[in-house]
Amino acid sequence: MKKGIFISIEGPDGSGKSTQIENIKQFFKDKKMDIVFTREPGGTAIGERIRAIILDNNCREMDYMTEAMLYAAARAQHVAQVIRPALEDGKIVICDRFVDSSIAYQGYGRGLGEAVAIINSYAVAGCMPDVTFLLKLDPAVGRNRIRADQQDRLESEKEAFHDEVFRGYLQLEKDNPGRIVGIDASGSIEDIKLDIYKKLEEVLNCL
Ligand code: ADP
Ligand code: TYD
């Protein structure tokens, strides 16, 4: 039985996710609350190896369904080995990206649609976040923040791909109002932090 709290953080590339994750870690540190922090793709030794293949700029020939299944395979391992046991142990799990990334990037961005939700229903096996913070930022703005020579295989995709990913995220937000908390990520780092802190307090009071 799940007893802990599962929080995921989502957003387009360059939306400030890594920056705000550091703030979220600090939020819990200030409260002297232990968290399990993890990320996708990755989070386990097997998942990190899958991550290296998926993000490798040399893997240009990768079929979109192969890509979706690799993300899901890494996730299945992550849920089984890290997330579910931690939640059963009553821990707070903070995850940098989760299944919404697959729906947005592979379902919308790659145009694989419903297949992605179906594959991932097996990967997550009912283990879904209690709350998901979605950093909402025009993908063109996010993209400009990442240096071209530092972009991985997904980040270096064309603009239309990232527009579709963002459309997917907005649809997910609309479809999951009880779980997904949209954050306007166009302001200053400090303002976004304060907004997230306020919402984290609300989450801790409600759960
Ligand atoms: P992500 O993890 O979503 O790709 P990062 O947190 O790594 O994004 O941020 C990408 C770049 O944008 C970094 O150089 C970071 O310092 C900068 N950045 C993050 N948040 C903001 C913000 N609110 N305004 C301006 N620049 C930001
Ligand atoms: P990440 O390391 O979070 O990149 P960043 O910190 O720049 O946001 O994620 C790597 C890339 O993988 C990112 O472009 C999003 C993509 N991704 C998917 O396409 N599907 C998925 O299921 C996940 C978890 C990530």
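Q: Which helix gives the most to the lining of the largest pocket?

A: Rolling a probe the size of a water molecule over the atoms shows where empty space is left. On a 1 Å grid over the protein atoms alone, a pocket is an open set of points where a 1.4 Å probe fits, with protein on both sides within 12 Å along at least five of seven lines, and lining residues have an atom within 4 Å of a point. Helices are DSSP runs of H or I with at least four residues, strands are runs of E with at least two, and both are numbered from the N terminus. Here α4 gives the most to the lining of the largest pocket, with four residues. This is a predicted model, in which local features need pLDDT of at least 70 and side-chain atom pairs count only at pLDDT 80 or more, while totals for chains, interfaces and linings use all residues. Residues are numbered from 1 along each chain as its sequence is written, chains are lettered from A and ligands numbered from 1 in the order in which they are written, and side-chain values use heavy atoms, with hydrogens and water left out.

Q: What else can be read about the lining of the largest pocket, by class?

A: Ala, Val, Leu, Ile, Met, Phe, Trp, Tyr, Cys and Pro count as nonpolar, Asp, Glu, Lys and Arg as charged, and the others, Gly among them, as polar. By these classes the lining has seven nonpolar, nine polar and 11 charged residues. The lining comprises 27 residues, and D13, K17, R97, D152 and E155 lie nearest the centre of the pocket.

Q: Where is R97 found, and what is its phi?

A: R97 is found in the loop between β3 (92–96) and α4, and its phi is near 75°, a positive value in a residue other than glycine. R97 counts as buried because its relative accessibility is 11%, where buried means under 20% relative accessible area, exposed over 50%, and partly exposed in between (1.4 Å probe, protein chains only).

Q: Is A125 buried, partly exposed or exposed?

A: A125 is partly exposed, because its relative accessible area is 45%. A125 also has a positive phi, of about 45°, although it is not a glycine.

Q: How many disulfides does a search of the whole structure find?

A: A disulfide is a covalent bond between the sulfur atoms of two cysteines, and the cut-off used is a pair of cysteine sulfur atoms within 2.5 Å. The search finds zero disulfides. C95 is in none, and its nearest cysteine sulfur, that of C127, is 9.6 Å away.
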